[in-house]
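Please look over the sequence and the model below. A short report on selected local features goes with them.

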Amino acid sequence: MSLLETINELGTEKTELLYSEEVNGEQLTVRQYQNYRWLSVGGEMIQSLMDLEQPAQLLLPNLVAMLAVLELVDRPVTLLNLGAGGGAMERYFRQVQPDMTITSIESNEKIIKLAERFFDMNPEVFILDSAEHFLSVSEQSYDIILVDIYSDERQPACLYEPGFHKSLAAALNMGGAIAMNLLPHTEEELLRVLRPLNEYVSCLLLYMVPNHDNVIVYALKQDSVDQEVFGRRLEKISEQGLELQVIAQAHQSG
């Protein structure tokens with residue numbers, strides 16, 4: 001049984017309630033069991049999960065899968081995290097790759113405060129803003145962009161808007177890559193995100209997280225794709241237990 005399955009089967013009577021509050025119509029809850037602490041937003045879905053004994057360890061399978069994006073980029077040094085939540089990625093890179101420059105965007109001020117109080121994060125790490133607004137005004141670009149944004153357990157409307165994807169691609173350096181965590185309820189919902197994104201990138205890949213509804217989308221921005229190099233990178237990712245499916249590729253070379 002996985003860690004998430006174990007937590008989900010515990011029931012509230014076996015866990016310690018550390019915090020609960022309704023904010024803007026969403027229920028925010030922090031619970032703990034033994035050395036595991038987690039944040040739930042808008043329901044039972046766990047948004048952030050931390051091992052108090054190993055705070056930098058990534059425990060949610062969708063976040064672990066998103067790290068595969070590191071293998072798709074040559075020596076990334078700048079990262080934009082849209083939807084920082086409880087700061088799991090920030091804690092990870094703080095320990096594993098401290099030289100990575102991270103810009104962390106979180107739209108919920110209360111979650112930022114909870115990240116400080118319960119999840120070992122300095123609130124000054126975060127920028128309080130929505131993903132779509134930040135992209136529309138930012139003039140910076142990044143080697144890697146992570147997108148993990150939800151509203152009441154649903155994908156926000158911006159993910160279906162071509163303007164959002166245009167701004168997203170514009171914020172990505174040439175040779176960079178995007179990793180986007182999606183929770184589509186139907187295939188059409190997934191396609192509504194993929195179609196506009198595909199207009200602005202050179203390659204799209206998918207990974208279906210086993211035993212979960214999460215779909216991780218990886219998007220590359222390159223003038224051309226060297227097939228030999230690309231193949232080696234996919235092979236390296238496959239060795240980590242992730243089989244990525246190439247679903248669209250605009251430019252090819254090699």
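## Model

This is a predicted model. Every value here is computed from it.

## Second largest pocket

Rolling a probe the size of a water molecule over the atoms shows where empty space is left. The second largest pocket has a volume of about 250 Å³. Its lining holds 13 residues. Nearest the centre of this pocket lie Thr 12, Arg 31, Trp 38, Ser 40 and Glu 44.

Which elements each supply at least two residues of the lining? They are helix H1 (3-10), strand S2 (26-33) and strand S3 (36-41). S2 gives the most, with three residues. By class, the lining of the second largest pocket has eight polar, three nonpolar and two charged residues.

## Packing of H6 and H7

Two packed helices are described by the angle between their axes and the distance between the axes. Helix H6 spans residues 162-170, and helix H7 spans residues 187-198. They pack at an angle of about 50°, and their axes are 8 Å apart. The crossing of H6 past H7 is right-handed.

## Two residues in H7

Leu 191 lies in helix H7.

With a relative accessible area of 45%, Arg 195 is partly exposed. Arg 195 and Leu 80 are 115 residues apart in sequence. In space, 22 Å lies between the C-alpha atoms of Arg 195 and Leu 80.

## Positive phi angles

Most residues other than glycine have a negative phi, and most peptide bonds are trans. Gln 34 is not a glycine, yet has a positive phi of about 55°. Where is Gln 34 found? Gln 34 sits in the loop between S2 and S3. Both strands also supply residues to the lining of the second largest pocket. Gln 34 counts as exposed, because its relative accessibility is 55% and the exposed class starts over 50%.

Arg 75 is another residue other than glycine with a positive phi, near 50°. Arg 75 lies in the loop between helix H2 (61-66) and strand S5 (78-82). Arg 75 is exposed, at 67% relative accessible area.

## Arg 91 in H3

Helix H3 covers residues 88-96 and contains Arg 91. Why does Arg 91 count as buried? Its relative accessible area is 1%, and buried means under 20%. Arg 91 and Ile 144 are 53 residues apart along the chain. Their C-alpha atoms are separated by 17 Å.

## Leu 128 in S7

Strand S7 covers residues 126-128, and Leu 128 is placed there. Leu 128 is partly exposed, with a relative accessible area of 45%. How many residues apart in sequence are Leu 128 and Glu 161? They are 33 residues apart in sequence. From C-alpha to C-alpha, Leu 128 and Glu 161 are 22 Å apart in space.

Terms used:
Residues are numbered from 1 along each chain as its sequence is written. This is a predicted model: local features need pLDDT of at least 70, side-chain atom pairs count only at pLDDT 80 or more; totals for chains, interfaces and linings use all residues. Side-chain values use heavy atoms; hydrogens and water are left out. On a 1 Å grid over the protein atoms alone, a cavity is a set of points where a 1.4 Å probe fits but cannot get out, and a pocket is an open set with protein on both sides within 12 Å along at least five of seven lines; lining residues have an atom within 4 Å of a point. Grid points are joined across faces, edges and corners, and a volume is the space filled by probe spheres set on the points. Helices (H or I, at least four residues) and strands (E, at least two) are DSSP runs, numbered from the N terminus. Ala, Val, Leu, Ile, Met, Phe, Trp, Tyr, Cys and Pro count as nonpolar, Asp, Glu, Lys and Arg as charged, and the others, Gly among them, as polar. Buried means under 20% relative accessible area, exposed over 50%, partly exposed in between (1.4 Å probe, protein chains only). Axes are lines fitted to C-alpha atoms, for helices over the stretch in contact, and angles run from 0 to 180 degrees between N-to-C directions. A crossing is left-handed if the near helix is turned anticlockwise from the far one by less than a right angle, and right-handed if clockwise.
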